Amino acid sequence: MSGAARLENANPLIFQRSGERCLTAEEEDENVADPIDDREIFDLIRSINDPEHPLSLEELNVVEQVRVRVNDPESTVSVEFTPTIPHCSMATLIGLSIKVKLLRSLPDRFKIDVHITPGTHASEDAVNKQLADKERVAAALENSQLLEVVNQCLSSRT
Amino acid sequence: MKEVLNKLHKFSAHPDSRCWYVAWNPPGTLLASCGGDRAIRIWKKEGDSWECQNVLSEGHQRTVRKVAWSPCGNYLASASFDATTCIWAKKGDDFECLTVLEGHENEVKCVAWAPSGSLLATCSRDKSVWVWEVDEEEEYECVSVVNAHTQDVKHVVWHPTQELLASASYDNSVRLYREEDDDWVCKATLEGHTSTVWSLAFDPSGQRLASCSDDRTVKIWKECHPGEGDNSTDWKCVCTLSGFHGRTVYDVAWCQLTGALATACGDDGVRVFREDPNSDPDQTTFSLAVHAPKAHNQDINCVAWHPKEAGLLASCSDDGEIAIWSYQTEA
């Protein structure tokens, strides 16, 4: 398969992956309430596969821990992601994959907001609006072809 | 005096799924709900609990987004993401699918009956609003396709007494339509919201329209007649309720009996607003009467006032539950 010709961004910059998270004694203590923190959210999304490169969103710097904000008491999670190029046609699909991963992983009480990092995409407002519209997200996820592509992005590589 | 919203009942209506919408039948004896499980359920109060009388699960292949009762109460229409609208006839305690309205290119988002019961409107993500006519043989024919919106159309609602149709859209606008020379035409565009308009509700007189939006505000629009002897009408925003909602406002319901305005919000709250009695009708003001902060465990998608019993309110949520509330003034 001569995939290279179809790639929008054939030679992306690759970033180093962060190390494994160290568990503290308090986190391992089952008797202590352990709120969800930024790093835990980041761990959920960093290994999502890019739709066109055999690389993770973390390796392409599409997601970074500093762009994840969780407020456990208020049950809100906000994630900003940075498309590799400003005209990336995959931006909505990447955002949808992040959203679906979090919807499937977090307790139902969480409100999940996924946005493009301000100033990094030509259609930032349109993509953000679409990702925030839960009715359109619900309709998209009933589309079996699209759901398959999202599941591929979310499947762990072997 | 203190306004209160007491929770009377809460029950799981669409388990493991979203409950998208609820609608009372005209006498208020039945409540229809629909959801992400592709089913429509008919609820009836038996003694002190709400029982599911019917499950209509054969009509749609995908999410049922909204349902609407005909003014006579004998028919129920359901709008689905499968691009169709089903018409169900009530036969005693049962419902049978009478016909399936096809034509929209993709998801149908809403359906509404005109007050006469002889017209039906549907709207879709395909950006169009369709007007259907029902004849005496129960045949449905599309009489007009209006492409006034530039984006996904979220909601349609008819004026309480006239053949005037309103629609709300992802393009941030509200549009109003009337029949003119055998065709339906857009007569007014209401601009002011800065994001998706999710729902609409006419006041009891039909002279005002409330709209709610992803911009976290509710706007009240009033009909005005610009010129003497001129038949044209215009709609002006006479009030904006801002600063009250923490997230998207998904639905608004204007009680036809009491004039109270209820909202369904993505911050899990139900709020009821009252118009200030001495406010100027051209520049009116509303006050927040009650806020139920954690009315449901997840986003609230719909609020519906009971058509006969003043102050009775139904709400439904992403957690699949329906709640029944009593809104009252405590002395």
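The conversation below sets values from this predicted model against the definitions behind the terms.

Visitor: How do you know that the radius of gyration of chain B agrees with that of a compact globule?

Guide: For 331 residues, a compact globule would have a radius of gyration near 20 Å; chain B has 19 Å, and therefore the two agree. The C-alpha atoms of chain B fill a box of roughly 55 × 50 × 30 Å along the principal axes. Chain B has 28 strands and zero helices, and buried residues make up 58% of the chain.

Visitor: What makes the contact between Asp43(A) and Arg39(A) a salt bridge?

Guide: A salt bridge requires a side-chain nitrogen of Lys or Arg within 4 Å of a carboxyl oxygen of Asp or Glu. The closest N and O atoms of Asp43(A) and Arg39(A) are 3.0 Å apart, so the pair qualifies. The two residues are four apart in helix α2 (residues 38-45) of chain A, and are therefore separated by about one helical turn.

Visitor: Why is Arg39(A) called buried, and why is Asp43(A) called partly exposed?

Guide: Buried means under 20% relative accessible area, exposed means over 50%, and partly exposed lies in between. Arg39(A) has 15% and is therefore buried. Asp43(A) has 24%, so the term partly exposed applies.

Visitor: What makes Asp152(B) and Arg136(A) a salt bridge, and where does each residue lie?

Guide: Their side chains meet at 3.3 Å, N to O, which is within the 4 Å limit. The pair crosses between chains, from Asp152(B) in the loop between β13 (140-146) and β14 (153-158) of chain B to Arg136(A) in helix α5 of chain A. Asp152(B) counts as buried because its relative accessibility is 1%, and Arg136(A) counts as buried because its value is 13%.

Visitor: Which side chain does Asp318(B) meet in a salt bridge?

Guide: Asp318(B) meets Lys134(A), at 3.1 Å from N to O. This pair also crosses between chains, from the loop between β27 (312-317) and β28 (321-330) of chain B to helix α5 (residues 134-140) of chain A.

Methods
Residues numbered from 1 in each chain as written. Chains lettered and ligands numbered in written order. Predicted model: local features only at pLDDT ≥ 70, side-chain atom pairs only at ≥ 80, totals over all residues. Heavy atoms only, no water. Rg over C-alpha atoms; globule rule 2.2 N^0.38 Å. Buried < 20%, exposed > 50% of the residue type's maximum accessible area, 1.4 Å probe, protein only.
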